[in-house]
Structures are given as C-alpha cells and as structure tokens.
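These are my notebook entries on a structure that I looked through element by element. The sequence and the model come first, and my entries follow.

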Amino acid sequence: MTTAVEKRKIVIALGLALGALFLALFARGTGPQAAQAASHREAPLIALDPTADITDFFMFRDYAPGQQDKVVLIMDVIPGEEPSSGPNYWNFDPNVLYRFSVDNDGDGKADDVELEFRFQNEPIRGIPSQFTLPLSYVGGAGGLPPITALDGPGSEGLGLRQRYTVTFVHRHHRTRVATGLIAVPSNVGPRTMPNYASLAAQGTYDLGNGIKVFAGQRQDPFYIDLGGVFDTLNLRRTPPVETQAEDANDNVNPFGTDMLSGFNVHSIAIELPASMLTGDTGATRIGAYASTSRPHVSVNGEGHGGFRQVQRLANPLVNEAIIGTVDKDRWNSLEPEQEGRFEDYYLNPRLALAMELVFGVPAAKTNRTDLRDLLLKYQPSDTQLSELLRLNLMVPPTPFADQKRMTVLADTPDPAGWPNGRRPKDDVTDIAIRVVGGPNYIAARASDGVNTDDAALTGSFPFLATPSDGRNRQHDNP
Amino acid sequence: MTRQTRLVLAGTAAALVAAVSLVGGALRSSGGSAPAVPVKASAAGETFAAGFSDGDTASFVKRLVHDLRAHPGDAKGYTLLGLAYQQRARETGNPAYYTKSQQALLRARKLAPEDSATASALGSLALARHRFGEALVLGREAVRLAPFTARNYGVLGDALIELGRYDEAFRTFDRMSSLRPDLSSYSRVSYARELLGRPEAAKRAMNLALDAAGGQPEPTAWVETQLGKLAWSRGRVREAESHYRAALSVFPGYVYALEPLAQVEEAKGHDRTALSLARRAAEALPLPQTVATLGDLYARHGRPRAAKQQYALVAVIQRLLVANGVRTDLEIAQFDADHGVTPGRGLAAARQARRARPSIDGDDVLAWALERNGHCAQALPYSRRALRLGTHDALKYFHRGMIERCLGHESRSWFVKAVRLNPHFSLLWSPLARRYAS
C-alpha cells in the first residue's frame with residue numbers, strides 16, 4: 001500500500017513527466033500556435049512555423065534494384081497537412097533555405113557536402129489567373145481541362161506553381177546543378193487532377209550523373225498512435241506490449257491507431273551516387289542532417305544579414321524527446337558538432353523517467369553513455385560529440401520487401417535501418433521506446449501498437465506514397 | 001470563357017463558402033473558401049503539446065479542465081490552461097478570461113515556481129492587460145530562466161516598447177530575431193522599424209512574416225492586417241484594402257480586418273458599406289476600438305444619438321475591462337480627449353496613463369489632452385517627445401499642429417504633413433486637418 005503522501009508525489013511526478021511528454025515526446029514540431037492582436041500592438045509571441053518545420057529526415061542506401069551505389073536523402077516539412085485545406089493548399093516557403101549537410105571526413109562537422117533547395121512562387125498563372133475566385137487549382141469540369149501536366153498543355157488549371165533551384169556546395173565551392181524545376185502541387189482531388197500519380201511522376205527530375213530530385217506533396221510516412229499517446233499515454237492495451245508474433249508482423253497494427261493516417265507532408269528528396277557525398281575521402285561512413293534557415297533581420301539593418309538556422313533534424317525524436325524545452329531555440333540554431341553542450345540531456349534522458357512513471361517498468365535513467373555514443377559518435381572512442389544521422393556505406397541495403405520495421409531489434413535483424421541511416425519504413429517510435437527504456441522494454445516488446453503506415457510506401461524513388469487527395473481523404477479513427 | 005464554366009466555378013465557390021459558415025465558427029475556420037477543417041488535425045498532438053488546439057480553443061479548454069481534475073498537480077497543464085484562456089479572451093473579447101487565465105497561471109506557479117513558460121505566460125497576460133511594468137518584471141524573469149528561448153525576448157521587448165525604453169526594446173528584438181527568425185520576431189522588427197520612421201523597411205520585414213505564416217489562417221490574417229495598417233498609415237488606401245481583403249479571405253469574419261476595412265470604405269465614400277462593416281466588427285467583438293469606430297462613423301454621418309449610444313457602450317466595456325484587471329487609462333484618456341467627455345477626468349487619466357506608460361503614445365495622449373484642456377504650452381514638450389523617434393504618424397502630426405496653432409505658432413506645415421501622409425488618418429479629425437492645411 002502506498003501512503004497518501006506517496007500517492008500525491010507520484011501524481012505530481014507523473015504530471016511533470018507527462019508535461020514533458022506533451023511538450024516534447026512525439027510532438028513532431030516546434031510548437032505553439034498563433035495569438036493575435038489586442039488593443040496595443042500585440043504581435044504573436046508564439047506561432048507555428050510549418051514551412052520551416054521538418055517532420056522527418058531519411059537517409060539510406062538506395063534499395064531499388066540496380067541502384068545500390070546511390071544514397072537517398074529526404075526531408076519532410078509542414079506537419080500534418082489536411083488534404084482538403086484549400087484553396088491554397090500547401091507550399092514551400094520561398095524565404096526558407098532547405099538544406100542537407102553531410103560530414104564525410106569523420107570530424108563530426110557536416111560542412112563537407114551541402115545540398116541546398118530554394119523555391120520561388122510564380123505569379124498566378126493559367127486559368128485561375130482569369131478568375132477573381134480564390135482557387136489555386138481548377139479543372140476537369142465545365143469545359144476546363146483537368147490538370148495532367150506540370151507544364152505546357154494540361155497545366156492550364158495550375159494557378160499556383162513553385163519552381164526551385166538545387167545547389168551543391170563542396171567545401172564552400174558552390175555549383176548550381178538545376179534551376180527552374182517544378183514542385184509537385186498538392187493533391188486536390190480526382191476531378192481536378194484525375195491521374196495524380198502520373199502528374200507527380202513528372203516532378204521527378206533526372207539531372208544526369210545519377211542524380212534524381214523530387215519536391216512536392218507526399219503522404220506522411222510517419223505512423224504513431226498520437227491520440228493515445230496524448231491521452232496520458234493511454235495506449236490501447238495494458239501494458240502496451242506486443243506478443244512476439246505481433247511484433248514480427250510489420251503489416252498489422254495489433255492495438256494502436258495510426259493517427260497520422262490520411263495526412264500529407266511536403267517532401268524534398270534527392271538520390272545521388274554515394275561517391276558524390278564521400279568525394280575523394282574514400283569514406284565508408286557519412287553523417288548528415290537536414291535543416292531549414294530563414295533570413296536574419298535586425299531593427300537597424302537594411303536587407304537581410306544572411307540566413308539563420310531555425311531547425312535541424314538528424315536522428316528522429318532528439319529535438320522532441322531529448323532536448324529540454326528551454327534549450328530548443330538555441331539547440332536548433334547551433335551546428336551538430338556543438339552537441340557537447342547538451343550532453344547531459346543524453347546521459348540523463350527525461351524520456352526514460354517519463355516512461356518509467358507511466359509504464360511502471362524500471363528504465364535506465366542515468367549515465368546513459370550508450371545513448372550518447374549511439375546518437376553522437378561514429379565509434380565509442382570518438383571524442384567529438386555530434387548529432388548526426390550516420391550511415392555505414394558498407395552495409396548493403398535490404399531489398400524493400402525484406403525490410404524490418406524494428407531494424408536491428410527485429411527477430412531477424414535488419415542492419416540497414418535506423419540507427420544506421422533511416423528508412424521510411426523504420427518504426428522509430430517503437431525502437432526509441434525500447435532503446436531509451438533499456439533492457440526491460442526491449443524484452444517486453446513495448447510499443448504504441450502501430451506497426452505500419454496507412455499508405456503503402458514504394459520501393460523506388462521518391463520512396464514515399466502518393467498523398468491523400470483533398471476530396472477522398474480518410475483518417476483512421478479508433 | 002463560356003458561361004457554363006463561370007457557373008461551375010461560381011457554384012463551387014459558393015458551396016465552399018457555405019461549408020465554411022456551416023462547419024466553422026466565425027473566428028475559427030481554416031482557409032478562405034475552404035471547408036473549415038481543423039487546419040492540422042494530425043498535428044493535434046503537436047499543437048496540443050505546444051499548448052493549443054488549432055481547431056477549437058473552447059473544447060481544448062474543456063479537455064484541459066477535465067484532465068486537471070484527474071491530475072491536480074500538473075503544473076504544465078495549468079500553464080497551458082492559462083494560455084488557452086488568453087486565446088479565448090482574444091477570440092471572444094470577453095475580459096473575464098483574463099481573470100481565469102490569471103488563476104490558472106498562479107496555480108501553475110505555485111506548483112512549479114521556477115518554470116519559464118509560466119513566467120512568460122504571466123508576462124503575456126500582463127501585456128494583454130496593459131500592465132507593462134509587471135510584464136517587464138515577468139519578461140526579465142522568463143529570460144533569466146530560459147535565456148535561449150526567443151519568445152521570452154518578445155514578452156520583454158513588448159513591455160520595453162510600451163514603457164518607452166526604445167533602445168533596450170530594439171536590442172531585445174534583435175536578440176529575439178537572432179535566436180529565431182520567424183513570424184513572431186519578423187513582425188516585431190517590422191514594428192520597430194515603423195516606429196523609427198522606416199516604413200519601407202518595416203514592410204520588408206512584415207512580408208517575411210507573411211511568408212512565414214505559411215498560409216495558416218489566423219497568423220496570415222494577422223500579418224495581412226498589419227501590412228494593411230502600414231499601407232494605410234502612408235495613405236495607400238488601395239494597398240491597405242487589398243491586405244484587409246486578403247485577411248478576410250483567408251479568415252472569414254476576421255474582426256481585426258473588418259474594423260479598418262470600414263475606414264477604407266469610408267475613405268472611398270462608401271458610407272453604407274463602411275457602417276455595416278463597422279457594425280459587424282463591433283457586434284462580433286465589442287472592444288473599445290471597434291465600438292468607438294462605429295460611434296465615430298455615426299457621428300460623421302449626422303447620427304449623434306446613435307453615436308452617443310456607442311460611446312456609452314465604450315464606457316461600459318471599459319469598466320468591464322478594469323474589473324478584470326485591464327489598465328485602460330491611455331485608451332480612456334484618448335477617447336475622452338477626442339470626444340470631449342468630462343474634460344477634467346480625461347486630463348487626470350492622461351497624466352496617469354503617461355506615468356504608467358511613458359511611451360510615445362503616452363506622450364502623445366498627454367499632449368493631446370493638455371491641448372484639449374487649453375494647456376498648450378505644457379502640451380508642446382510632450383508632443384516633441386511623442387515624435388522623438390521620427391515615427392511617420394499623421395495623428396501625432398495633427399496633434400502637434402493643433403498645439404502650435406493654439407500657441408499662435410506656425411502650424412499649417414504640421415497639418416500639411418499629416419494630410420500628405422494620410423488624408424484619412426482619423427474619422428474625427430481628418431476633415432479639420434484638411435481645412436487647416438489648405
């Protein structure tokens with residue numbers, strides 16, 4: 001029997017832990033919403049920043065047949081796009097610098113190869129420019145042609161279009177490799193865009209030299225029982241653990257509901273020969289991260305004083321579940337090689353404490369050098385701490401059909417997934433719960449009960465599923 | 001284009017608009033003509049985590065209250081509840097939510113005294129209640145507890161601005177913008193530039209804020225409205241109108257755009273449209289400024305009794321605000337000076353307002369109240385202070401002109417300056433300014 005005082009302590013601790021969870025764990029974005037004006041000039045203090053908000057970063061050796069010499073990098077931005085949110089739907093931000101940064105000499109500084117994407121809005125064009133109606137995309141009715149092409153005939157209904165530029169930076173030497181590429185628009189619905197898959201396919205550009213790029217809307221590949229998590233970790237089984245058979249089945253959700261089902265994101269994907277990332281270093285391992293930066297302005301300044309990084313993402317859930325709320329803005333603005341300042345968060349993860357309280361199973365809460373070394377080092381002997389997603393290029397890619405969501409923790413381990421790079425299929429939620437929780441959680445097969453995404457991933461570039469369309473989108477409910 | 005095509009499109013748009021009014025409340029709907037789905041239902045987690053529901057603040061409040069009943073020791077929950085009540089106050093104009101917000105935040109503070117989010121939320125509450133001295137203390141505390149969180153510099157900087165400590169305020173905004181350039185910091189840098197008399201530079205920063213809003217209805221509407229006001233302050237009626245209309249298209253019924261749009265329509269000579277817009281704004285959100293605008297429009301159009309009714313309502317609302325901890329001295333002083341209500345009280349309120357809020361607005365209101373009460377020599381130094389930053393502000397130019405005129409000095413140049421900058425700067429005073437300028 002616990003005494004009343006103990007109970008109260010537990011409740012308070014639980015409250016604090018859950019607060020941390022609410023604010024951080026699984027919350028896949030930077031944060032709060034917008035407020036607006038009162039009678040003095042009251043600007044919003046806290047605003048969501050969706051276009052600079054990276055939801056996921058993937059990096060893996062290409063697992064499409066015959067493409068194994070290539071590496072794929074993908075970043076997803078704009079969390080939880082409701083597919084029906086017309087009339088402007090969703091777009092990249094022309095002021096944001098979207099960038100992948102790669103370390104290929106093992107020093108933990110991702111300044112060796114950088115891939116930059118910048119977007120521009122075209123003036124309202126085509127048929128919508130003739131209307132005063134606020135519709136960005138029209139077609140397929142009343143004699144209007146449907147939208148079947150990104151450019152030329154069939155693109156008349158595409159009122160709002162974004163073009164983009166791709167720039168490679170090799171040790172500060174800049175090369176613009178493509179310009180004027182067209183970003184794939186949001187999937188409005190079958191009348192306006194009767195064959196979205198073929199429309200989107202036109203947005204995959206072959207730039208020569210083994211390089212392919214894609215930018216545009218995709219189905220959100222992340223899967224999680226978000227509602228269950230936020231209802232005080234009220235997962236749909238007590239305790240929330242999977243049987244061995246359930247755990248081994250990557251196609252069925254044993255007890256959870258994928259609450260990101262039917263939502264979309266905007267993706268930037270690039271595939272290129274591994275040699276372009278390793279350069280002449282002969283590296284067998286690379287580290288990388290994705291970032292978004294915005295123009296920096298000052299009160300007395302004129303134009304803008306360069307870019308300031310507003311978000312970075314390498315390993316999933318670090319920003320959300322490891323770094324403390326009070327340090328998030330700074331953490332995001334710093335480079336990964338400055339991670340030493342945040343070492344304490346890795347050694348004493350709040351998430352472990354929270355899980356122990358909620359699951360009631362002892363977790364490893366302190367001196368987690370294992371976690372630090374896993375996330376911040378190429379090898380335990382490294383002294384440089386750097387938060388990068390690391391990819392061992394010597395590990396052959398697992399064919400798509402054989403991939404395991406639990407990667408190295410699967411019954412038949414699949415070493416080609418997170419934390420060795422990260423693929424869209426990898427169940428980073430369950431892996432993180434078990435790795436952070438420690439041996440007890442691994443043995444119990446702790447899980448949110450969601451093992452698969454609602455939309456089928458594809459085995460070739462750009463690897464993410466066609467987005468849900470605005471008219472027929474469907475969200476799985478418990 | 002065929003007629004059939006036009007019909008199809010018109011039909012689509014109409015249906016969409018209908019869907020908006022069916023599904024969405026006046027204040028909380030997503031995309032312009034789009035169905036009012038919660039903007040980011042999936043991000044419910046994210047926004048919930050962050051402390052807000054994107055879709056519906058009222059039900060978010062309910063849920064928090066319910067959860068807190070089960071976990072009464074959850075400090076974070078109380079902080080979120082306190083912030084949610086502030087959002088409700090903004091949505092409804094009902095200041096009773098400020099009192100509720102305060103209760104929740106004080107509870108949170110008791111449970112977790114050293115929490116920067118609670119300090120910052122108490123700071124934003126103090127700002128909303130125009131208690132800038134308290135906001136300054138709370139902003140400093142939040143910065144001390146979390147020196148790397150951009151938001152806290154926003155609380156601090158806003159307080160410094162209203163206290164007239166501009167150099168510190170601008171440095172604080174620069175710090176905020178260095179930590180995190182986004183809508184919140186861009187719009188503050190924009191405001192600072194506007195105060196410094198750099199409207200073009202202000203517009204550039206606000207345009208960055210517009211893109212950073214990423215098409216989200218409420219933030220986009222807010223930024224568009226600010227861009228509209230910036231254009232309006234320079235007499236650019238058409239540009240202002242297009243921004244207000246953009247705000248209303250992305251956020252139908254957005255009151256903060258309706259009210260200035262009424263002034264645009266008035267400037268264009270569309271009296272009836274102006275009146276109906278002002279009425280809509282005042283009915284949806286009866287704040288002192290929306291109700292006063294409606295009253296001023298009635299007054300302009302020879303309906304003094306209707307105007308008086310609105311003015312009386314302003315007084316009632318102000319009492320309600322005061323009862324819920326909102327300081328309204330400056331607003332009362334401004335209103336009284338403008339409308340000739342109980343002159344003595346106006347002057348006392350103006351002195352009190354200037355003491356609590358020694359900003360250029362505090363200086364200007366005191367200068368104006370002094371002029372209205374015939375103390376023009378005393379008014380002059382305050383008017384000089386009110387213009388010390390070089391702000392391009394037609395109303396302040398006009399006040400200065402009136403003071404100089406009262407003193408028998410050359411004053412026409414000030415009226416010319418005001419009218420050239422913005423011939424429609426005030427429903428009440430523009431006609432007089434035009435007369436003195438000619």
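I began with the terms for helix packing: axes are lines fitted to C-alpha atoms, for helices over the stretch in contact, and angles run from 0 to 180 degrees between N-to-C directions. Helices (H or I, at least four residues) and strands (E, at least two) are DSSP runs, numbered from the N terminus.

I noted that this is a predicted model, in which local features need pLDDT of at least 70 and side-chain atom pairs count only at pLDDT 80 or more, while totals for chains, interfaces and linings use all residues. Residues are numbered from 1 along each chain as its sequence is written, and chains are lettered from A and ligands numbered from 1 in the order in which they are written.

Entry on H5 and H6, chain B. I found helix H5 (residues 96–111) of chain B packed against helix H6 (residues 116–128) of chain B at an angle of about 155°, with the axes 10 Å apart. H5(B) and H6(B) are therefore roughly antiparallel (an angle over 145 degrees). I looked up which residues meet (C-beta atoms, placed from the backbone, within 7 Å): among them are Tyr98(B), Leu105(B) and Arg109(B) in H5(B), and Ala121(B) and Leu125(B) in H6(B). The residues of this contact divide into 7 nonpolar, 3 polar and 1 charged. Here Ala, Val, Leu, Ile, Met, Phe, Trp, Tyr, Cys and Pro count as nonpolar, Asp, Glu, Lys and Arg as charged, and the others, Gly among them, as polar.

Entry on H7 and H8, chain B. Helix H7 (residues 132–145) of chain B packs with helix H8 (residues 150–162) of chain B at about 150°, their axes 8 Å apart. That angle makes H7(B) roughly antiparallel to H8(B). The residues of the contact of H7(B) with H8(B) comprise 11 nonpolar, 2 polar and 3 charged.

Entry on chain B as a whole. I recorded 24 helices and 0 strands in chain B.

Entry on the sheet of chain A. Five strands form an open, antiparallel sheet in the order S1-S2-S9-S8-S7 (chain A); strands pair if DSSP finds at least two bridges between them. Strand S1 (54–61) and strand S7 (204–208) of chain A stand at the edges with a single partner strand each, so one side of each has no neighbour in the sheet. I noted 8 bridges between strand S8 (residues 211–219) and strand S9 (residues 264–273) of chain A. Val213(A) has Ile270(A) in S9(A) as its bridge partner.

Technical notes. Angles under 35 degrees count as roughly parallel, over 145 as roughly antiparallel, 65 to 115 as roughly perpendicular and the rest as oblique. Two residues are in contact if their C-beta atoms, placed from the backbone, lie within 7 Å.
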